[in-house]
Amino acid sequence: MAAQATFKSIKAVFPLLDRVLVQRFKPETKTATGLFLPTSSTSNPLPEATVIAVGPGAPNKDGKVIPTQVKAGDRVLLPGWGGSSIKVGEEEYYLFKDAEILAKIKD
């Protein structure tokens, strides 16, 4: 269940440490030929997302900050579970740790 945000824009959210703010891709509700798909086939979230913002990184055991491996605008592959959900208006976003992101997708 998504926590309803008290702020008006997602631009007000700055992830801390090694957190990554992403927005999952929405499944298509209509085919290329114009047929509408049933909600049961579009209810599962897609494993791909766009990175909206990233934190500065987390310190290792020596205190050196290790930067995140993705940057804003990257397309990433996410696990089917996890992440903290944030809802701003009708849009839903997720916060993941950098280590939870499975892969970066290059076009």
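**View 1. Leu17 in the loop between β1 and β2.** Leu17 counts as partly exposed, at 45% relative accessibility, where buried means under 20% relative accessible area, exposed over 50% and partly exposed in between, with a 1.4 Å probe and protein chains only. The loop that holds Leu17 runs between β1 (3–4) and β2; strands (E, at least two residues) and helices (H or I, at least four) are DSSP runs, numbered from the N terminus. The phi of Leu17 is near 50°, a positive value in a residue other than glycine. Most residues other than glycine have a negative phi. The model shown here is predicted, so that local features need pLDDT of at least 70 and side-chain atom pairs count only at pLDDT 80 or more, while totals for chains, interfaces and linings use all residues. Residues are numbered from 1 along each chain as its sequence is written, and side-chain values use heavy atoms, with hydrogens and water left out.

**View 2. The whole chain.** Read along the sequence, the chain follows the pattern β-β-α-β-β-β-β-β-β-β, with 1 helix and 9 strands. Of its 107 residues, 29% count as buried. Among contacts (heavy atoms within 4.5 Å) between residues at least 6 apart in sequence, 64% join residues at least 24 apart. The accessible surface of the chain comes to about 7500 Å², of which 58% belongs to carbon and sulfur atoms; accessible areas come from the Shrake-Rupley method with a 1.4 Å probe, and for residues only the protein chains shown count as cover.

**View 3. The largest nonpolar core and Phe96.** The largest nonpolar core has 10 residues in all, namely Val20, Val22, Ala49, Val51, Val70, Val76, Leu78, Tyr94, Phe96 and Ile101. The elements that give two or more residues to this core are β2 (19–24), β3 (48–54) and β8 (91–97). A nonpolar core is a set of buried Ala, Val, Leu, Ile, Met, Phe, Trp, Tyr and Cys residues joined through side-chain atoms within 4.5 Å. Not counting residues up to four places away in sequence, Phe96 touches Asp18, Arg19, Val20, Val22, Arg24, Leu78, Pro79, Trp81, Gly82, Gly83 and Ile101. Apart from this core lies another, of 7 residues, among them Ile10, Leu21, Ala53 and Ile86.

**View 4. Tyr93 in strand β8.** Tyr93 has its place in strand β8 and counts as buried, at 9% relative accessibility. When neighbours within four places in sequence are left aside, Tyr93 is in contact with Ile10, Leu21, Val22, Gln23, Ile52, Ser84, Ser85, Ile86 and Val88. Tyr93 and Val51 are 42 residues apart in sequence, and their C-alpha atoms are 9.8 Å apart in space.

View 5. The structure holds 4 salt bridges, each defined as a side-chain nitrogen of Lys or Arg within 4 Å of a carboxyl oxygen of Asp or Glu. In one of them the side chains of Arg19 and Asp18 meet at 3.3 Å, N to O; Arg19 is partly exposed, with a relative accessible area of 31%, whereas Asp18 is buried, with a relative accessible area of 16%. The side chains of Arg75 and Glu48 also meet in a salt bridge, at 2.6 Å, N to O. This pair links distant parts of the chain, with Arg75 in strand β6 (residues 75–77) and Glu48 in strand β3, 27 residues apart. Arg75 counts as partly exposed at 24% relative accessibility, and Glu48 is partly exposed with a relative accessible area of 24%.

View 6. Lys104 and Asp74 meet through their side chains in a salt bridge of 3.7 Å, N to O. The two residues link distant parts of the chain, since Lys104 lies in strand β9 (residues 103–105) and Asp74 in the loop between β5 (65–66) and β6, 30 residues apart. Lys104 is partly exposed, with a relative accessible area of 41%, while Asp74 counts as buried at 9% relative accessibility. Salt bridges that share partners join Lys71, Asp74 and Lys104 into one network.

**View 7. Asp98 in the loop between β8 and β9.** Asp98, found in the loop between β8 and β9, is buried yet has no salt bridge. The nearest side chain of opposite charge, Lys104, is 8.7 Å away, where Lys and Arg count as positive and Asp and Glu as negative, with His and the chain ends not counted. Leaving aside its neighbours within four places in sequence, Asp98 is in contact with Asp18, Val20, Thr68, Gln69 and Val70.
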